[in-house]
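The sequence and the model are shown first, and the commentary follows.

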Amino acid sequence: MRTKRSYMILFAVAVVAATSAPVLSQTSNSQQSTQATQTASTRPSPDRPEGVNPPSKAGKDYVIGADDVLDVSVWKEQELTRSLQVRPDGKISMPLLGDVQAAGLTPGQLAQNVSDKLKKYLTAPQVTVILTQINSQRVYVMGEVTRPGAYPVLPGMTVLQAISSAGGLTPFANSKKIFLMRNENHIQTKYPFSYKEVLDGRKAEENLPVKAGDTIVVP
């Protein structure tokens, strides 16, 4: 009798376990699905870049030039906020204002100028101008480099870094006769650059900071 009762108890336990297993499985799957949804919602969307047009590293005294790219922002006026490239004539075009002179001004001066002009249409406009791309200041690398051409002058860029931007020397380059040409007071000045001796530190003084308009010649 006891043996029969034990079998009945074991059978009841097995039935309960079998019926509860799907429920536990569904609960576990539901929890995993919820966690996956929460994790996905906290991840940044790959289609939404976190930083668009980050500001350049130019100082506050940088003077805007043609082809530079600016972010002009007017607080609480989304229609007037946009990214603009300075035209070859040195101007940008804005709603309400039309053409506005940008070249020759610092970003702060341009912001004040735009703000003053907008006072005809808005009450106390707050304008911010951020330089996002420096395209007006270029150095020219010519001769036996991998990619001859014009390159933007980055803050602190040296002759060696400019050559690196151009892909470095070709196998046919005469590294002992490289020079930099610079217009100083309307006079072309020539500065020698000994590539290997700059690399090993013997003539570090020849690795000059480049300026807009400089030409580096690699024979």
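## Thr215 and its surroundings

Setting aside neighbours within four places in sequence, Thr215 makes contact with Tyr140, Met142, Phe179, Leu180 and Met181. The coordinates behind this description are those of a predicted model. Thr215 belongs to strand E10, which covers residues 215–218.

Is Thr215 buried or exposed? Its relative accessible area is 18%, and because the limit for a buried residue is under 20%, Thr215 counts as buried.

Phe179, one of the contacts of Thr215, also takes part in an arrangement with a charged residue: Lys190 lies over the face of Phe179, at 4.3 Å from the ring centre.

## Overall architecture

The protein chain contains four helices and 10 strands. Read along the sequence, these elements follow the pattern α-β-β-β-β-α-β-β-β-α-β-β-α-β.

Of the 219 residues in the protein chain, 28% are buried. The accessible surface of the chain comes to about 14600 Å², and carbon and sulfur atoms account for 55% of that surface. Among contacts with a separation of 6 or more, 50% join residues 24 or more positions apart.

## Nonpolar cores

The largest nonpolar core comprises 21 residues, and the members that touch the most others are Leu70, Val72, Ile92, Leu110, Val114 and Val127. At least two residues of this core come from each of strand E1 (69–74), strand E3 (91–94), helix H2 (107–118) and strand E5 (127–133). Helix H2 gives the most, with four residues.

Beyond its neighbours within four places in sequence, Val127 is in contact with Val72, Ser73, Val74, Ala111, Val114, Ser115 and Leu118. Apart from this core lies another, of 19 residues, including Val141, Ala162, Ile163 and Ala173.

## The aromatic pair

How many aromatic pairs does the structure hold? There is one, formed by Phe193 and Tyr195. A pair of aromatic rings is described by the distance of the centres and the angle of the planes. For Phe193 and Tyr195 the values are 6.4 Å centre to centre and 70° between the planes. Because planes over 60 degrees apart count as edge-to-face, the pair of Phe193 and Tyr195 is edge-to-face.

Both partners are buried: Phe193 has a relative accessible area of 1%, and Tyr195 has one of 18%.

Technical notes
Residues are numbered from 1 along each chain as its sequence is written. This is a predicted model: local features need pLDDT of at least 70, side-chain atom pairs count only at pLDDT 80 or more; totals for chains, interfaces and linings use all residues. Side-chain values use heavy atoms; hydrogens and water are left out. A nonpolar core is a set of buried Ala, Val, Leu, Ile, Met, Phe, Trp, Tyr and Cys residues joined through side-chain atoms within 4.5 Å. Buried means under 20% relative accessible area, exposed over 50%, partly exposed in between (1.4 Å probe, protein chains only). Contact means heavy atoms within 4.5 Å. Rings of Phe, Tyr and Trp (its six-membered ring) pair if their centres lie within 6.5 Å; planes under 30 degrees apart count as stacked, over 60 as edge-to-face and the rest as tilted. A charge sits over a ring if NZ of Lys or CZ of Arg is within 6 Å of the ring centre and within 35 degrees of the ring normal. Accessible areas come from the Shrake-Rupley method with a 1.4 Å probe; for residues, only the protein chains shown count as cover.
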